[in-house]
Amino acid sequence: MNVRSLQHETLDALCYRVLGNTRMLEQVMVANPHLTGMVTMASGQQVHIPDVPAQVEPKQTINLWD
């Protein structure tokens, strides 16, 4: 997905605004190497957000005392 930045927005703030968290910040930085040296971005800067991986089902745990 491609999104546009707001004036003076940082990559982590953009991730939080678009994805609701910053867990994919590293993947966004890898996908946009031209933006990693910037502290803030100009308004309308195009940013590629990689596909969000599907949520992994938590492993079922077994209690020894059950």
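A residue is called buried here when its relative accessible area is under 20%. In this predicted model, the buried residues of helix H1, which spans residues 11-19, are Leu11, Leu14 and Cys15. These three cover an arc of only 100 degrees around the helix axis, which puts them on the same side of H1.

**Helix H1 and its surroundings**
- An α-helix has 3.6 residues a turn, so residues three or four places apart point the same way.
- The partners against which the buried residues of H1 pack are strand S1 (2-4), helix H2 (25-31) and strand S2 (46-48).
- Cys15, one of the buried residues of H1, touches Gly20, Asn21, Thr22, Leu25 and Val28 when residues up to four places away in sequence are not counted.
- After H1 comes Gly20, a residue with a positive phi near 85 degrees.

- In soluble globular proteins, nonpolar side chains tend to be buried together.
- The largest nonpolar core has nine residues in all, namely Val3, Leu11, Leu14, Cys15, Val28, Leu35, Met41, Val47 and Ile49.
- H1 supplies the largest share of this core, with three residues.

**The salt bridge**
- Side chains of opposite charge can pair when their charged atoms come close.
- One salt bridge is found in a search of the whole structure, and Glu9 forms this kind of pair with Arg17, the closest N and O atoms being 2.9 Å apart.

**Two loop residues**
- His8, which lies in the loop between S1 and H1, has a positive phi of about 60 degrees although it is not a glycine.
- With a relative accessible area of 55%, His8 is exposed, since the cut-off for that class is over 50%.
- Asn32 is found in the loop between H2 and S2, yet Asn32 counts as buried, at 2% relative accessibility.
- Once its neighbours within four places in sequence are left aside, Asn32 is in contact with Val47 and His48; of these, Val47 is also one of the residues of the largest nonpolar core.

Definitions and conventions:
Residues numbered from 1 in each chain as written. Predicted model: local features only at pLDDT ≥ 70, side-chain atom pairs only at ≥ 80, totals over all residues. Heavy atoms only, no water. Buried < 20%, exposed > 50% of the residue type's maximum accessible area, 1.4 Å probe, protein only. Helix = DSSP H or I, 4+ residues; strand = E, 2+ residues; numbered from the N terminus. Arc of directions from axis to C-beta. Contact = heavy atoms within 4.5 Å. Salt bridge = Lys/Arg side-chain N within 4 Å of Asp/Glu carboxyl O. Core = buried A, V, L, I, M, F, W, Y, C linked by side-chain atoms within 4.5 Å.
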